[in-house]
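Please read this briefing with the sequence and the structure side by side. It goes topic by topic through a single protein chain.

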Amino acid sequence: MVGQSPAEPRAAVLLQPFVHQVGGHTSMLTYDEHTICKPLVSQELSFYESLPLAMRQFTPQYKGIVSVHLKKDSLGNLTLIASPGLGQPDTCGHLDSAGGDPGVTLWHKCKWSHTQVTKTFKDSCPGKMLLRTDLQYHTDSLLDDANGKQAERKSYNPWGLHCHRQHLNRMSSKHNENKLHQFLLLENVVSKYSYPCILDLKMGTRQHGDDASEEKKARHIKKCEQSTSASLGVRICGMQVYQADSGHFLCKDKYYGRKLSPEGFRQTLRQFLCNGNQLRADLLEPIILRLKALLAVIRKQSSYRFYSSSLLIIYDGQEHKEGADQHLPFPKTHGTKPSRVDVRMIDFAHTTFKGSKSNPNPTLYDGPDHGYIFGLENLIKILQSLLEGK
């Protein structure tokens, strides 16, 4: 982030698609290196504002609210501009486009029409990859090069771009350019990683919120029944894992995850922990310990229901020798040694709990979220079986 004196005016921030978004349907945007933002939903804001202390280590840090407006140029290209000072906390500066990752700087300079989006991806990796312009996300590999291999790191996972383009189209069709939209500012939980491997898991046996229409309710119930959400209480919504043997990211999307059987889920979980050469067995125990700690916290949260929320499991795809660990960009634990893994809950737009400010008369539930607990317990069991070599 850029340091500025109090008297210096704050520059407007051109928001970019978050290049490591692997799941979901809401557009996640990069505000600066350590901060992402997403459209504000009152129920999610209420959750972050009243977040139980015990849960804070398992959620992104909430950084405040920023006002955003849509801008269209003479060619019809659309951009989203954040307006510092309009509800934005002082701790956030604007992105320094002169430094940092050159791949990210490239995004920072772009305007987001369909043609420009496709061209930008091709230019970011000339001669080495091809972005499928039809964006058929039900295929196993999201980004292929001319030989059918996954594209290299600098090309990024295009799922966030897909969500971003849909979001821009919806905004431009419904609102004029002068309308201010409120966005949540949240910690970028993967900013510490050089090669972020991310697994997005939809947790629980129920995915529809209390406010869902009968049509939406029926649709979500069907998705759960036809996927591992019903049998395991968890299903895969997206994944990217760095393959050390090829130097590429392997990507899977939510359509892939919906089709998996329980055994297919187990095999994909194992694939998430494989670097292309071998199973990263060193990661299993720390992930299990972190999930058990989360499970203990969730069991104590009476009245909370985390409908449609996700759980991220994150690690760095680049292995390092033990002696160099103290210099690595891994998230820190309370001890002196850095942690190789992270586990975070995200997406609380349909989370309900007693005392929610966004809904003064919520459906009241007793005890903890047993559907979420069921998913966590099965996830831990599967990882333990992998640890035991079964």
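The charged end of K252 sits over the ring of Y256, 4.4 Å from its centre; such a placement is counted if NZ of Lys or CZ of Arg is within 6 Å of the ring centre and within 35 degrees of the ring normal. The model is predicted, so local features need pLDDT of at least 70 and side-chain atom pairs count only at pLDDT 80 or more, while totals for chains, interfaces and linings use all residues. Residues are numbered from 1 along each chain as its sequence is written, and side-chain values use heavy atoms, with hydrogens and water left out.

**Charges and aromatic rings**

- The charged end of R206 sits over the ring of Y307, at 3.9 Å from the ring centre.
- The chain has 15 aromatic pairs, a pair being two rings of Phe, Tyr or Trp (its six-membered ring) with centres within 6.5 Å, called stacked if the planes are under 30 degrees apart, edge-to-face if over 60 and tilted for the rest.
- F47 and Y48 make an edge-to-face pair, 5.7 Å centre to centre with 75° between the planes.
- F47 also pairs edge-to-face with Y304, at 6.3 Å centre to centre and 85° between the planes.
- Because F47 lies in helix α1 (residues 42-49) and Y304 in the loop between α9 (281-298) and β11 (305-306), this pair ties together parts that are 257 residues apart in sequence.
- F47 has a relative accessible area of 0% and is buried, and Y304 counts as buried at 8%, where buried means under 20% relative accessible area, exposed over 50% and partly exposed in between (1.4 Å probe, protein chains only).
- One aromatic cluster takes in F47, Y48, Y62, Y304, F306, F348, F353 and Y372.

**The chain as a whole**

- The protein chain holds 10 helices and 14 strands, which are DSSP runs numbered from the N terminus (helices H or I of at least four residues, strands E of at least two).
- Of the 390 residues in the chain, 55% are buried.
- Among contacts (heavy atoms within 4.5 Å) between residues at least 6 apart in sequence, 76% join residues at least 24 apart.

**The open sheet**

- An open sheet of 7 strands runs in the order β1-β6-β5-β7-β4-β3-β2 with antiparallel pairing, and two strands pair if DSSP finds at least two bridges between them.
- Its edge strands, β1 (13-14) and β2 (16-17), each pair on one side only.
- β1 is joined to strand β6 (residues 78-83) by 2 bridges in the antiparallel sense, and V13 has A82 as its bridge partner in β6.

- In strand β12 (residues 310-316), 7 of the 7 residues are buried, so the strand is largely enclosed by the rest of the structure.
- From β12, S310, L312, I314 and D316 point one way and L311, I313 and Y315 the other way.
- In a regular strand the side chains alternate between the two faces of the sheet.
- Strand β8 (residues 196-203) runs antiparallel to β12 and is joined to it by 7 bridges, with K202 having S310 as its bridge partner.
- β12 also pairs with β13 in the antiparallel sense over 6 bridges, and I314 stands opposite D342 in β13.

**V343 in β13**

- V343 is found in strand β13 (residues 341-346) and is buried, with a relative accessible area of 0%.
- Not counting residues up to four places away in sequence, V343 touches Q57, F58, R290, L291, L294, L311, L312 and I313.
- The C-alpha atoms of V343 and L294 are separated by 8.5 Å, although these residues are 49 residues apart along the chain.
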